[in-house]
Amino acid sequence: MEKQKMEVSLEGERVVLVPYMKEHVPKYHEWMQDPALLQATGSEPLSLDQEYQMQLSWNQDPFKRTFIVLDKHLVVGDFTHGDPHVEAMVGDVNIYMNDPDDPQMAEIEIMIAEQKCRGKGLGKESVLMMMAFAVKNLGIHIFRAKIGESNSASLNMFRKLGFEETSYSEIFQEVTLELQVTKAKQEELLPLVGNVVSHT
């Protein structure tokens, strides 16, 4: 399947998803100094230089899509596509298409790093928009989320979105949930990517 990357921003009611750019790295690096976020995302602490390398590799990886989540209410001035809007950064949303047996399966992750922006539905809207984008542009038909059992907020959100538990890892203390994209689900998701702007 063609995994040509196109640089796009997705605009929703509460959030704007923009490509992860080098301008975002210092703030992202700042977030990842928080031990709770490192644990929740299963990440290792990186130096700022390593974070820049990571940003570059993520952007070049055809099997990974990363968007920075902007809180629309924090965007200063008019929203212009192609502007990193660092002041409005609240987290990120990713998908990995890393199952060689099923190229139409994607693992999805969401992180709302700014505590003051949690519990406002930004994560939910970001996940739905990312799923809609992946269904429409990448032909994804099944989504998987791996979430630490102690992360009840994230588990509850994915369950509310229709994800169902498929397995549990004792070693990682992690729950795996999946969602099959039915025709009805597809019809529900696709209107969410009406407002897509490509960057040439």
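Here is a short walk through the nonpolar cores and pockets of this structure. The model is predicted, so local features need pLDDT of at least 70 and side-chain atom pairs count only at pLDDT 80 or more, while totals for chains, interfaces and linings use all residues. Residues are numbered from 1 along each chain as its sequence is written, and side-chain values use heavy atoms, with hydrogens and water left out.

Let's start inside. The largest nonpolar core holds 41 residues, and I108, F143, F158 and F163 have the most contacts within it. Such a core is a set of buried Ala, Val, Leu, Ile, Met, Phe, Trp, Tyr and Cys residues joined through side-chain atoms within 4.5 Å, where buried means under 20% relative accessible area (1.4 Å probe, protein chains only). Helix α4 (residues 122-138) supplies the largest share of this core, 11 residues; helices here are DSSP runs of H or I, at least four residues, and strands are runs of E, at least two, numbered from the N terminus. Another core, of 18 residues, lies apart from it and includes V18, L37, W58 and A113.

Now for the open space. The largest pocket contains about 1,400 Å³. A pocket is an open set of points on a 1 Å grid over the protein atoms alone, where a 1.4 Å probe fits, with protein on both sides within 12 Å along at least five of seven lines; lining residues have an atom within 4 Å of a point. The volume is the space filled by probe spheres set on the points, which are joined across faces, edges and corners. Of its 47 lining residues, A40, T41, I110, N151 and S154 are the closest to the centre. Strand β5 gives the largest share of that lining, 6 residues.

Terms used:
Buried means under 20% relative accessible area, exposed over 50%, partly exposed in between (1.4 Å probe, protein chains only).
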